[in-house]
Each structure stands twice: as C-alpha cells, then as structure tokens.
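Subject: Structure for your review

Dear colleague,

Please find below the structure that I am handing over to you.

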Amino acid sequence: MSNLLEKASILTTPTAYDDGKILSVKPIQTFGSELVTNGDFTDGVNDWTPNANATLTVDSGRLKVTISGGSGYPYQSITTEVGKLYKVTADGFIGTSSKLALYNSADAQFRNLYADGNFDFTFTATSTITQLRIYVYDDGAYGLWDNVSVKKVTEADFDFTRNSSATRVNSQGLVEDVGNNLPRIDYTGGVGHWLFEPQSTNLVYNSNSGFGSANMNLVYNDAISPDGTQNAYKSTTTTASGALVRTFGIAFAATSTFSVFLKYGNNQWYQIMSAGKIGNFVNVDIQNGVFGTNGADTENLSIKDFGNGWYRVSGTFINAAATSTLRIYTGSSSNHSWAATSAPIGSYNYGYGFQVEASSFATSYIPTNGSTVTRLQDAAFGAGSSDLINSTEGVLYAEIAYLSDTGTFRTISINDGSNDNIVAFENRPVSNQIKAFINVSGVSVMSSTQSLTNVKQFNKIAIKWKQDDFAWWVNGVQIYEDLSGSTFGSGVLNKLNFNNGLQNFPFEGKTKAVAVFKEALTDTELTCLTTI
Amino acid sequence: MYIGKYQFKDQKTAEAKIKGLGVAKDEDGNEYATHNHSIVKLGNIVLERGEYDDEGNETKAPVLSSKYHLDVAWRLEDTYSEEGELIKADHPYGWKSANVDLDSNGVHSFLGVDYLKHKF
C-alpha cells in the first residue's frame, strides 16, 4: 500500500521543470515509431513533394532544395492524432541561402535557421493530417536538409505560462527572482511545493528604498535581507514618540493587503498601519512573531518566519482610505492605539520589501523601483493524453492548499478541452468550501459541495469515477458518494489541467502532488492515499 | 506577448472596452473574463507626485490624470505568411486609438518585462 502512487499513470510532484514546462514524474517520456517517410533521403527525393519554386535533388545523402523566387519548399503530410504531442528533429545546412525554416501546419509556426544547425521542438496535433514543410529562401539559392523526423511523444508534462518574472523562496529560505515562464517550487514553510498565484500588483512605488521617516535615523543597505544580500534598512529612533518609516502615497483599494519583512534589533513591538484610516493598524511583536491588538478594519493577520530573525508580516486593511501611506511605527506595547506609539530613543529594527496589493491576501514579494509593478498569473495546463487517462474509470488525486477562499473559483480538472466532460474539484468563493463535480456529455453525474476545516492548509483530495460509483475523499475520509450515474465513453478525457478545461478559473494555490489513476481505487486504497 | 498602455476618457469607457474582449457568467451569475490577456486598471494615474512633510502630511497635492488608464499584457503572437514572412501582431480592434506610446515604462510595469521591448 505504501507504493500506491506507483499505480498512477500520471504523477506530478515539485521536482523538475523546464522553460514553459512542469515536468511530471510519471510517465517516463517515450517516443513512438518514425512518422516521416524517407526523412534521411536514402530513397532519393521520393515521398517529398516540391512546391512550384523548389527543385529537389540529393547531394551527398542530403536533400538539396534549389529555389526560384523568394522561397520554396518540399512538403510531406503525416498522419497524426488530434491532441497528441509530437517531437520534430531535423538537420539544416544553409548552403547559399540566407535562411532555412521548418514549418508545421499544427502550430503554423516557422522556425528559422540562419546557419548550419538542427531543429528540435514539439507540437500538439490539431488535425489527423499534419503537413511538414522544409523551406529554403532566396532566388537562385539552395539549402540542404537531412534526418527529418517526427515521432509521437508519450509524456504528461504541463505547459506552463507566466509572462512576467516572479519571486519565490528557494530551498535555502532566500527570496529569489524567477524568470518569465519558469514554474516556481516555493519553500515557504520549509517544504517545497508548486506555487500558482494570481496576477497581482505591488502598489508601493519603491518597495525597498526611498522611504520617508520621522523621528528616525534610517540607514539603507545596512543588513542582510531575506534575499541574502545586504539591502535591508536599519531604523533607529531619535525621538521617543511617533518614530516611523513610511512609504510615499499609495492608491489603496478599499480592501488592500500589506506585507513587510521585519527583523528584531533591540526593540520588540512595532505598529503597522495606514495613515488614512484609524481602524487600519496592528501591533506586532517581531522578537517572538506574535500579534498584539489590531484595529477594527484590519484582518487576515499572518506572520511567517523567514529565518535569520526575519518575519514576513501581512494583514488586510478593509474600508481603506483611497490615498494613504503604509507606516511602521516603533512601539513598546502590544496595545498601542492607532499612531499613538512611543519607544526609548535608540530602539532599532530592520526592514525590507514593503508591499500593498489590492486583494484580500498577500502573495509573493513583488520588488518595485520607481513604479507600481505587476506579477502575472501562473497557468499550468495540457498534461497527459487519452493514453494516460482512462475515461471509463479512474481517480484524480491532489495534495493542495488554496491561497484564498474568496473572490473566484479555482479549479483542478481532467477534461476533454471543454467543461462538458470533466472531473474536477474547485475552491468555492465561500469560506473553506470545495466542490467536487463530474459532468458527462454536459450532464452532471456528481456534484458535491462540502466545507473543509481549512482549505488554506494542505489537504489530500481524491475523486473516484466509475459506472454507478462516484465518490470523493478528503484526508482519509469519504465525504460523499453517489452510486448511480453513467460514466464517460472510452477515450473522451484527455487532459489534466490546473483550470476548468476552458482555461478559465485557474488553480491558485500550492501543490505537493497531483496524480491520475486509470482504475477506480478501492476504499482501502483511497483511505491510504488521502490520509495525512 | 505585447504590452499596450491605454487611456480612456473615463472608467466606464474603459470597462466597456475590457468587457468587449469577452466575458461569461459563472453559475453564481458573476461575470468572468473568457480571454487570457492580463489587464491592470491604473485609473487616474499620478502625473506629478505630491509633496509631503516629515510627518507624511501632504503639503502639495499630486496632479492626477483626467483620463482612465490601463496597462495590458496581450497574449498575442506574431503570425507568418505563406512565404514564412513575419506578420506582427497589432492592437485588438478598437484599442489602437486609445494607445499611449511612451519612451519609458511609465508609472507601472510588469515584473521583469521591459515595455519598450514589448510594445506594439
């Protein structure tokens, strides 16, 4: 039973990624048979059809394409399966042309080569016939081709997009930048997980410099910050009352969430507040990582230990003033009222990474330097195929924590590219609610909304489907069962997505594992699989 | 990906333009976007920063734009002609007239993405 995940046909854990890809642990990537005929041109120019501008010969075992006009190409049509992944490789030799290009009708992209080299890419078939063209450019020029190959790929890697960079906490516990379209394995809390976040904007113009202060000596780049470099400030009071560090004017939303990194120096209590609203404040003990009193319009308080004495403190201001400043006052008590702090002269601490977001929860740090800055949405989708997903029966399993349970739906699903045929669970915009549902040909065969203890902590969830046998399990317990209903026809389900199949309602949360089983597991197995 | 910066006469006009990109309603009747472009509503942006004293009190009010501003990260791809020549993507229909062409990132940017390298 301990090796239950070995039965999974698809298994994704926070282990490996590539540019634009989340790599699944299972299945191991395999390739089908060669689909190009005479791709090595040992049979002359047979099986390749030139267009009007191209003349084909064989030169030293390679295909020589001579052009009249701006460009020309030979092509070959290969048989493909819609939705399946194919790997293309080829060698190109520039000859007297200025450019070669390899085109396929599935993604309609021209991939160019400007010197001798090779091609290596994948495409997903959109038709049962995919045309492959090998272009040569320039009137009167020639180029050469060899080893043109297309093979079906069996894998369950996710496509991943995020068109901006982002930050994560790495395995050393340090905040670090992650480039565009690179998935994030985040170690906040100490254990690695995939992090999928919504688009969010840091409304603070300068997140780590250019602050204002009062009754305070502020020294930048004084201490090692949570990103491991010496760019944290040190603030030391010069007057007992009203000593503060603040941002400049911020355009707060009515519901705005602040987050700041603070580290104890010699003073325990600080007050984080918005200058525009008396109810927007909280007193925090940065020596022990606990909160004191807070204002009536301040909620969702969180304090996370980032090691080396650093805490990331966050909270949500509701009914916030439209324009205000975020301030850190130096205090000496757990129950200072709004802006009414005092502390001994010489009290000091360290600070880093101020952030205000127009949302009800804090997301990863978004550095800014002179403007507001937006991190874009993480999106992962398109894993698997009908070879790896058994439509007639199976189990969808995930170990996940949602970032929030307000605002929108957040979905993980197996589907057919629509939500007519779908097995899914989604976080509802209602406190701690999750809905598990199955639609077959647009008809609901199971729909169950349940309240969990805390959807923002990791839960192990599994949905089982089989003819007249539908159920879902959470943390070792079956919480719903429906023993009637038709299942999917064979070959219907073909994708595993972190969304609803229509690319809407993307999952926003943390993921330690997602798996698909090709059989309806037993109750004993599901208990074992989902037990925390 | 392309980045566009836009200004509209008011929020209502901007919201209508965003809605035109595609919306649907969920089972609770709430609208959601059916496109995958990323829109940031900047509103009436600050043209001239305000000034503040040491206490953070405003001594000179900021000057705000009378226009309603949006930044959009468009999920648009260039396409190719039959001859393999590049055809650059353009603003979606009806957006070009509201485009603002800047020579800097302006008051807002997308993390790690240079507007000047990604503008239309």
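The notes below go from conventions to the whole chain, and then to individual strands, loops and residues.

This is a predicted model, in which local features need pLDDT of at least 70 and side-chain atom pairs count only at pLDDT 80 or more, while totals for chains, interfaces and linings use all residues. Residues are numbered from 1 along each chain as its sequence is written, chains are lettered from A and ligands numbered from 1 in the order in which they are written, and side-chain values use heavy atoms, with hydrogens and water left out.

**Chain A as a whole**

Chain A contains 1 helix and 47 strands. Here helices (H or I, at least four residues) and strands (E, at least two) are DSSP runs, numbered from the N terminus. Along the principal axes, the C-alpha atoms of chain A fill a box of roughly 90 × 65 × 40 Å. Chain A has 532 residues, and 56% of them count as buried. Buried means under 20% relative accessible area, exposed means over 50%, and partly exposed lies in between (1.4 Å probe, protein chains only).

Among the contacts in chain A with a separation of 6 or more, 67% come from residues 24 or more positions apart; a contact means heavy atoms within 4.5 Å.

**The contact with chain B**

Chain A contributes 40 residues to the contact and chain B contributes 36 residues. The area buried between the two chains is about 2900 Å², with 45% given by carbon and sulfur atoms. In chain A, the residues that lose the most area to chain B are Phe110(A), Asn163(A) and Tyr205(A), together 17% of what that side buries. Buried area is the accessible area (1.4 Å probe) that two parts lose on being put together, summed over both.

**Strand 14 and its partners**

Two strands pair if DSSP finds at least two bridges between them. Strand 8 (residues 71-72) pairs with strand 14 in the antiparallel sense over 2 bridges, and there Gly72(A) has Val136(A) as its bridge partner. Strand 9 (residues 74-79) also runs antiparallel to strand 14, joined by 5 bridges, with Gln76(A) opposite Leu132(A). Strand 11 (residues 100-104) is likewise antiparallel to strand 14 and joined to it by 5 bridges; in this pair, Leu100(A) stands opposite Val136(A).

Why is strand 41 of chain A described as largely enclosed by the rest of the structure? The reason is that 8 of the 8 residues of this strand (residues 433-440) are buried. Gln433(A), Lys435(A), Phe437(A) and Asn439(A) point one way from strand 41, whereas Ile434(A), Ala436(A), Ile438(A) and Val440(A) point the other way.

Strand 40 (residues 422-427) runs antiparallel to strand 41 and is joined to it by 6 bridges, one bridge partner of strand 41 being Ile438(A), which faces Val423(A). These two strands form a hairpin with 5 residues between them, and Asn432(A) in the turn has a positive phi of about 60°. On the other pairing, 8 bridges join strand 41 to strand 42 (residues 443-451), again antiparallel, and Val440(A) stands opposite Val443(A). Strands 41 and 42 form a hairpin with 2 residues between them, where Ser441(A) in the turn has a positive phi of about 50°.

**Backbone details in the loops**

Most residues other than glycine have a negative phi, and most peptide bonds are trans. The peptide bond from Lys26(A) to Pro27(A) is cis, with omega near 0°, and Pro27(A) lies in the loop between strand 3 (21-23) and strand 4 (30-34). Asn308(A), although not a glycine, has a positive phi of about 55°. This residue, Asn308(A), is in the loop between strand 31 (298-307) and strand 32 (310-317), and it counts as exposed because its relative accessibility is 54%.

**Leu11(A)**

Leu11(A) is found in strand 1 (residues 10-12) and counts as buried because its relative accessibility is 9%. Beyond its neighbours within four places in sequence, Leu11(A) is in contact with Leu5(A), Ser24(A), Val25(A), Lys26(A), Val514(A) and Ala515(A).

Yours sincerely
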